[in-house]
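Please keep the sequence and the structure in view while reading.

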Amino acid sequence: MPLFRIDVYEDFPSKNIKKILDIIHYNAVECFKVPSRDRYQIITRHKSDEIIFEDTGLGFERTKNIISIQIFSRKRKKEMKLDFYKKVVEDLNKELNINRTDIMFSFFENGNEDWSFANGEAQFITGELK
């Protein structure tokens, strides 16, 4: 945990998908201090008429390489989140030449009782996970 939901256009290059997931995971481990096998990622491709991504009035244009990253997680410190956003954007730009303005994050916080990893049990509540 956290769980990452990533959305891209359907024609996003397949060769880059695994790299995107790896970059997100690497930075989650580094910034959120999660175990390396704590990897939950779902990527969804969309037709061009299924995504509208404007600039919220910030004055920039987006390309067809937009990446929406939704993060579902227990509470994280503000500094961790800001560091994660910055490092993922830097790495995606450096490794895949993704424009910094094409990457958007949304962070959704929840509690220990909101996670069940198996067996219908809440492992953060039972103490199996901390």
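## The largest pocket

In this predicted model, the largest pocket holds about 210 Å³ of space. It is lined by 13 residues, and those closest to its centre are Met1, Pro35, Asp38, Phe124 and Leu129.

The lining of the largest pocket is made up of 7 nonpolar and 6 charged residues, with no polar ones. Rolling a probe the size of a water molecule over the atoms is what shows where such empty space is left.

## Phe124, a residue of the pocket lining

Phe124, one of the residues closest to the centre of the largest pocket, belongs to helix 3. Is Phe124 buried or exposed? Phe124 counts as buried because its relative accessibility is 12%, which is under the 20% cut-off.

Leaving aside neighbours within four places in sequence, Phe124 is in contact with Met1, Arg74, Asn112, Trp115, Phe117, Leu129 and Lys130; of these contacts, Met1 and Leu129 are also named among the residues closest to the pocket centre. Lys78, by contrast, lies 46 residues from Phe124 along the chain, and the C-alpha atoms of the two are separated by 22 Å.

## The nonpolar core

The largest nonpolar core contains 25 residues, of which Phe4, Ile67, Ile69, Phe84 and Leu92 touch the most other members. Strand 1 (3-9), helix 1 (14-32), strand 3 (67-74), helix 2 and strand 4 (103-110) each contribute at least two residues to this core, and helix 1 gives the most, with 8 residues.

Which residues does Phe4 contact, once its neighbours within four places in sequence are left aside? Phe4 is in contact with Ile24, Ala28, Phe32, Tyr40, Gln41, Ile42, Ile69, Gln70, Ile71 and Phe84, and Ile69 and Phe84 are themselves among the core residues that touch the most other members.

## Two loop residues with positive phi

Most residues other than glycine have a negative phi. Lys33, in the loop between helix 1 and strand 2 (40-46), has a positive phi near 60 degrees, and Lys33 counts as exposed because its relative accessibility is 62%.

Asn119 also has a positive phi, of about 65 degrees, although it is not a glycine. Asn119 is placed in the loop between strand 4 and helix 3, and at 71% relative accessibility Asn119 counts as exposed.

## Confidence of the prediction

The chain averages a pLDDT of 94, and 100% of the residues score at least 70. Among the elements of the chain, helix 2 (residues 78-96) has the highest mean pLDDT, 98, whereas helix 3 (residues 123-126), where Phe124 lies, has the lowest, 90.

Conventions. Residues numbered from 1 in each chain as written. Predicted model: local features only at pLDDT ≥ 70, side-chain atom pairs only at ≥ 80, totals over all residues. Heavy atoms only, no water. 1 Å grid on protein atoms, 1.4 Å probe; cavity = no way out; pocket = protein on both sides within 12 Å on 5 of 7 lines; lining within 4 Å. Points joined across faces, edges and corners; volume = space filled by probe spheres on them. Nonpolar A, V, L, I, M, F, W, Y, C, P; charged D, E, K, R; others polar. pLDDT = per-residue confidence, 0-100. Helix = DSSP H or I, 4+ residues; strand = E, 2+ residues; numbered from the N terminus. Core = buried A, V, L, I, M, F, W, Y, C linked by side-chain atoms within 4.5 Å. Buried < 20%, exposed > 50% of the residue type's maximum accessible area, 1.4 Å probe, protein only. Contact = heavy atoms within 4.5 Å.
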